[in-house]
Amino acid sequence: MPHSHLHDVTDELLQRAARVRLACFDVDGTLTDGGLFLDAAGQEGKTFHVQDGLGLVLLRRNGIEVALVTARSGQVVEHRARELGIGVHQGVKDKLSHVTAMCAERKLDLDQVLFMGDDLADLTTLRQVGLAIVPDNVHAWVAPAAHWRTQASGGKGAAREACDLVLAAQGHVGELLQDGAA
């Protein structure tokens, strides 16, 4: 089964995932474990999971636009997005307005958007998109807004679970298993 490694996959969840054309991900606490590394000069560092990165690339390769949408700004996130060939939107204070504007530019509806986030800054967006996903380490107040909660925590493979769900729902797993990610 293409999503057998995923838990609690319902027909409704697969239908939501099948509609996704734009996948937006918060960064801190979603693509990272939420920790911030600051050196003595104030330079920020983050740790990203390589499997999450491949998942984002696989979405992009299969026709789904991928974007990082984060309230913080920094060179680390810019560099990671460039490495993966995905969009990055930093310093976004109103994520829902930003995602809505992205949809308007692309002639998409919010029900065609996957948004993955973990805390209060993500709450209004999670409530409005077609597929709201949260990592296992989501803040308790935000969890009820999700359509699905991953088994992995942010920065530990949670984004890859979200990507795998969409890839399975859209029928791409057979080809990926045959050809790999080359």
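## Salt bridges

Across the whole of this structure, which is a predicted model, a search finds 14 salt bridges.

Select Asp26 and Lys95. Their side chains form a salt bridge, with the closest N and O atoms 2.9 Å apart. The pair connects distant parts of the chain: Asp26 belongs to the loop between strand 1 and strand 2 (37–38), Lys95 belongs to helix 4, and 69 residues separate them. Are these two residues buried or exposed? Both Asp26 and Lys95 are buried.

Next, display helix 3, residues 75–84. Within it, select Arg82 and Glu78, which form a salt bridge whose closest N and O atoms are 3.9 Å apart. The two residues are separated by about one helical turn, because they stand four residues apart in helix 3. Arg82 counts as exposed, at 55% relative accessibility, whereas Glu78 is partly exposed, with a relative accessible area of 34%.

Remain in helix 3 and select Glu83 and Arg80, which are three residues apart, about one turn of the helix. Their side chains also meet in a salt bridge, at 2.7 Å from N to O. Arg80 has a relative accessible area of 15% and is therefore buried, the limit being under 20%.

To finish this part, select Asp28, Glu44, Lys46 and Arg72 together. These four residues are linked in a network of salt bridges.

## Along helix 4

Now select residues 95–106, which make up helix 4. The helix has 12 residues and reaches 16 Å from its first C-alpha to its last, close to the 16 Å expected at 1.5 Å a residue.

Which residues of helix 4 are buried? They are Lys95, Val99, Met102 and Cys103. Turn the view to look down the axis of helix 4: the buried residues fall within an arc of 100°, so they line one face of the helix.

At the N-terminal end, select Asp94, which caps the helix: one of its side-chain oxygens lies 3.4 Å from the backbone nitrogen of Leu96. Just after helix 4, select Lys107, which takes a positive phi of about 55°.

Select Cys24 and Cys103. How many disulfides does the structure hold? It holds zero. Cys24 is in no disulfide, and the nearest cysteine sulfur, that of Cys103, is 7.1 Å away. Seen from Cys103, the closest cysteine sulfur is in Cys24, and the 7.1 Å between them is too far for a bond. Cys24 is buried, with a relative accessible area of 0%. Cys103 is buried too, with a relative accessible area of 3%.

## A histidine in a loop

Move to the loop between helix 6 (158–169) and helix 7 (173–179), and select His172. At 17% relative accessibility, His172 counts as buried. What does His172 touch, if residues up to four places away in sequence are not counted? The residues are Asn62 and Leu167.

## Two residues with positive phi

The last stop takes up a feature of the backbone. Select Asp8, which is placed in the segment before helix 1 (11–18). Asp8 has a positive phi of about 50° although it is not a glycine. Asp8 is also exposed, with a relative accessible area of 60%.

Return finally to Lys107, in the loop between helix 4 and strand 6. Its positive phi of about 55° likewise occurs although Lys107 is not a glycine. Is Lys107 buried or exposed? With a relative accessible area of 77%, Lys107 is exposed.

Notes. Residues numbered from 1 in each chain as written. Predicted model: local features only at pLDDT ≥ 70, side-chain atom pairs only at ≥ 80, totals over all residues. Heavy atoms only, no water. Expected span 1.5 Å × (residues − 1). Buried < 20%, exposed > 50% of the residue type's maximum accessible area, 1.4 Å probe, protein only. Arc of directions from axis to C-beta. Polar contact = N/O pair within 3.5 Å; in protein donor to acceptor, adjacent residues only side chain to side chain. Disulfide = S-S within 2.5 Å. Contact = heavy atoms within 4.5 Å.
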